[in-house]
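This briefing is intended for reading alongside the sequence and the three-dimensional view. It is arranged by topic.

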Amino acid sequence: MPMGRLRKSAVTLGFYGDNLDPDEVTTLLQVQPTVGVAKGGRWQTSLGAEKVAHTGSWRIEAVPCEPEDLSSQVDALLAPTTSDLSVWRALTARFRGVIFCGLWLDTYNDGLELSPQVLAAIAERGLTLSFDIYESDQV
């Protein structure tokens, strides 16, 4: 029985670590981050708040989708990066590499699917797949 489609999805590819040098990650992955900051450095949130980084991070964000289109968002994040899997494995050996997915339900029984190709692309790069699932946009 098919489930309803999720209302919204937001996806970020990120690397995190106390010794992370954002410029090195940018050079290795061959794409500019949305946010790149060393531990102790300052960065601004999308709402303009200034934060101090408790650990180093390098992140790129996909355009949010309504309704959810997680597979396309993951593809869009990975497409401009290097296809050299040895680079990815070296980064994930040194830092925590994550595909973070924020998912918003429309009803209590919404769902999603990821294609085998998207799952393989995540796995062969050594990335963790992480989900936060929200009932609604209401706080």
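This is a predicted model: local features need pLDDT of at least 70, side-chain atom pairs count only at pLDDT 80 or more; totals for chains, interfaces and linings use all residues.

The largest pocket has a volume of about 540 Å³ and is lined by 21 residues. Strand 7 supplies the largest share of that lining and pairs with both strand 2 and strand 9.

**The largest pocket**

- Among the 21 lining residues, A10, T12, S46, E61 and F100 lie nearest the centre of the largest pocket.
- Two or more lining residues come from each of strand 2 (8-17), strand 4 (42-44), strand 6 (56-61), strand 7 (96-104) and strand 9 (128-134).
- Strand 7 gives 5 residues, the largest share of the lining.
- By residue type, the lining of the largest pocket consists of 11 nonpolar, 6 polar and 4 charged residues.
- Rolling a probe the size of a water molecule over the atoms shows where empty space is left.

**Strand 7 and its partners**

- Strand 7 is mostly covered, with 7 of its 9 residues buried.
- Strand 2 and strand 7 are antiparallel and are paired over 9 bridges.
- Within this pairing, A10 has G102 of strand 7 as its bridge partner; A10 is also one of the residues nearest the centre of the largest pocket.
- Strand 7 and strand 9 are parallel and are paired over 7 bridges.
- Here F100 has S130 of strand 9 as its bridge partner, and F100 likewise belongs to the group nearest the pocket centre.

**D132 in strand 9**

- D132 is a residue of strand 9.
- D132 counts as partly exposed because its relative accessibility is 32%, between the cut-offs of 20% and 50%.
- Although D132 and F100 are 32 residues apart along the chain, their C-alpha atoms are separated by 7.8 Å.
- Apart from neighbours within four places in sequence, D132 is in contact with F100, C101, G102 and L103.

**Strand 6 and its partners**

- Strand 6 is mostly covered: of its 6 residues, 5 are buried.
- Strand 2 and strand 6 run antiparallel and are joined by 6 bridges, with G17 standing opposite G56 in strand 6.
- Strand 3 and strand 6 also run antiparallel, joined by 3 bridges, and in this pairing V35 stands opposite R59 in strand 6.

**Helix 1**

- The buried residues of helix 1 are P22, V25, T26 and L29.
- The exposed residues D23 and T27 are carried on the face of helix 1 turned away from its buried side.
- The buried residues of helix 1 pack against strand 2, strand 3, strand 6 and helix 3.

**Helix 2**

- L70, S71, Q73, V74, L77 and L78 are the buried residues of helix 2.

- Most residues other than glycine have a negative phi, and most peptide bonds are trans.
- Q30, which is not a glycine, has a positive phi near 65°.
- Q30 is found in the loop between helix 1 (22-29) and strand 3 (35-37).
- Q30 is classed as exposed because its relative accessible area is 56%, and the cut-off for that class is over 50%.
- The peptide bond from E66 to P67 is cis, with omega near -5°.
- P67 is found in the loop between strand 6 and helix 2 (70-78).

**Q44 in strand 4**

- Q44 is found in strand 4, one of the elements giving two or more residues to the lining of the largest pocket.
- Q44 is exposed, since its relative accessible area is 54%.
- With neighbours within four places in sequence set aside, Q44 is in contact with A49 and E50.

Methods. Residues are numbered from 1 along each chain as its sequence is written. Side-chain values use heavy atoms; hydrogens and water are left out. On a 1 Å grid over the protein atoms alone, a cavity is a set of points where a 1.4 Å probe fits but cannot get out, and a pocket is an open set with protein on both sides within 12 Å along at least five of seven lines; lining residues have an atom within 4 Å of a point. Grid points are joined across faces, edges and corners, and a volume is the space filled by probe spheres set on the points. Helices (H or I, at least four residues) and strands (E, at least two) are DSSP runs, numbered from the N terminus. Ala, Val, Leu, Ile, Met, Phe, Trp, Tyr, Cys and Pro count as nonpolar, Asp, Glu, Lys and Arg as charged, and the others, Gly among them, as polar. Buried means under 20% relative accessible area, exposed over 50%, partly exposed in between (1.4 Å probe, protein chains only). Two strands pair if DSSP finds at least two bridges between them. Contact means heavy atoms within 4.5 Å.
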